[in-house]
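I opened the notebook to go through one protein model. I wanted the overall layout and then the charged pairs.

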Amino acid sequence: MSEKTRTNEAIEALKSSQIERRTAGCHEEHGNHVEAYQCHQMANLEEQRYDELMQPDSSVTVSNGEVIPDGKETKDIFIRDTLKNLDSAALDASLARTNLLLQDHLDVLAIGIDATNSLDDPNSLEKMLLHQASASHIASMELMNQAMARLNKLNSYNSSEREQASIHCGRLLNSYARVTSSYQQSLLTLHKLRNGGKQTVTVQHVNVESGGQAVVGDIHPRGQEKVSG
């Protein structure tokens, strides 16, 4: 499992604070005001920890719209909550999406949230689609990295090893192509969701006076053959 980033720790702190708030509400319903107060205090501490973790711990360098890592472990980004009109269903759904991003061996939280923040007011469907696209992006890059690692070592293998490495490299490249296609399809689907799948059709009207003639189709000068594409 990869090392937790500040983003991961911040989200976990926020989840803990939300659980404490819910627990406090249950205590208040049963008249346990002391326990409710303690839960609210714990929630305040977790929210404070969330705010601290969401602030980058060092200056970052940005080039071409991306943060340049300061060493291999730097993956910190500043994220914002885009949920509006928050209710229990929206909160539970948001936590469920976050839990999916936090799965072991699936370090896609930062990229997934950054992708959703690239849109103006993304809805739940768009968020889930972008999370899937982010996972596809990471998978495709890892597959290509493995393929290139084997390609770069082909000359150091003997003939038998080279053949096996070539076969495995080909499989990796095929998997890369399929995952990349899935990523691109996600972007096309997102485009349709954002634009409603609208198509523009241009209709041109031609007025033909009495006794005149009109030709519909491609017109080619005499002696020039039509070249089919």
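My entries below go from the whole chain to single side chains.

**Entry 1: layout.** I noted that this is a predicted model. I looked up the secondary structure and found six helices and two strands. Reading from the N terminus, I got the order α-α-β-β-α-α-α-α.

**Entry 2: burial and surface.** I checked how much of the protein is buried. Of its 229 residues, 24% are. The accessible surface is about 16900 Å². Carbon and sulfur atoms hold 50% of that area.

**Entry 3: contacts.** I took the contacts between residues at least 6 apart in sequence and asked what share joins residues at least 24 apart. I got 64%.

**Entry 4: charged pairs.** Side chains of opposite charge can pair when their charged atoms come close. I asked how many salt bridges the protein has. The count came to three. I took them one by one.

**Entry 5: E47 and R21.** These two form a salt bridge, with the closest N and O atoms 3.1 Å apart. I looked up where they sit. E47 is in helix α2, residues 33-53, and R21 is in helix α1, residues 6-29, so the pair ties together parts 26 residues apart in sequence. Buried or exposed? E47 is partly exposed, at 28% relative accessibility. R21 is partly exposed too, with a relative accessible area of 28%.

**Entry 6: E46 and R49.** This salt bridge has its closest N and O atoms 3.9 Å apart. The cut-off is 4 Å, so the pair counts. Both residues belong to helix α2, and they are three residues apart, which means a separation of about one helical turn. I compared their cover. E46 has a relative accessible area of 18% and is buried, because buried means under 20%. R49 is partly exposed at 37%.

**Entry 7: R194 and E126.** Here the side chains meet in a salt bridge at 2.8 Å, N to O. R194 lies in helix α6, residues 159-195, and E126 in helix α5, residues 124-151, so the pair ties together parts 68 residues apart in sequence. I checked accessibility for both partners. R194 is partly exposed, with a relative accessible area of 36%. E126 is buried, at 4% relative accessibility.

**Entry 8: recap.** I went back over the pairs. E47 with R21 links helices α2 and α1. R194 with E126 links helices α6 and α5. E46 and R49 stay within helix α2.

Methods. Residues numbered from 1 in each chain as written. Predicted model: local features only at pLDDT ≥ 70, side-chain atom pairs only at ≥ 80, totals over all residues. Heavy atoms only, no water. Helix = DSSP H or I, 4+ residues; strand = E, 2+ residues; numbered from the N terminus. Buried < 20%, exposed > 50% of the residue type's maximum accessible area, 1.4 Å probe, protein only. Contact = heavy atoms within 4.5 Å. Areas by Shrake-Rupley, 256 points an atom, 1.4 Å probe, with all protein chains shown as cover.
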